[in-house]
Amino acid sequence: MTANGEISFSESFRPIQQSEYNIVRSRGYNLKQVPMALGGIAFYSHPGVRFLSY
């Protein structure tokens, strides 16, 4: 929808590819990519859970 000019803002979990920039540019629009957050993984457990060591 962004590439068709139907919306002016969108989110993506990955960086925009050069081919996508080229498609949008050929339609007369410009894209600006702004990183908003970094992903991460957190591990947690209950204190009563015993961990096995190998």
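**Fold and extent**

I looked up the secondary structure first: the chain has 1 helix and 0 strands (DSSP runs, H or I of at least four residues for helices, E of at least two for strands, numbered from the N terminus). The radius of gyration is 20 Å, well over the 10 Å of the globule rule for 54 residues, so the chain is more spread out than a compact globule (taken over C-alpha atoms; the rule is 2.2 Å times the number of residues to the power 0.38).

I note that this is a predicted model, in which local features need pLDDT of at least 70, side-chain atom pairs count only at pLDDT 80 or more, and totals for chains, interfaces and linings use all residues. Residues are numbered from 1 along each chain as its sequence is written, and side-chain values use heavy atoms, with hydrogens and water left out.

Along the principal axes, the C-alpha atoms fill a box of roughly 60 × 20 × 15 Å. I find 4% of the 54 residues counted as buried (under 20% relative accessible area; exposed is over 50%, partly exposed in between; 1.4 Å probe, protein chains only).

**S10**

I located S10 in the segment before α1 (18–26). S10 counts as partly exposed because its relative accessibility is 44%. I checked Q33 too: S10 and Q33 lie 23 residues apart in sequence and 9.8 Å apart in space, C-alpha to C-alpha.
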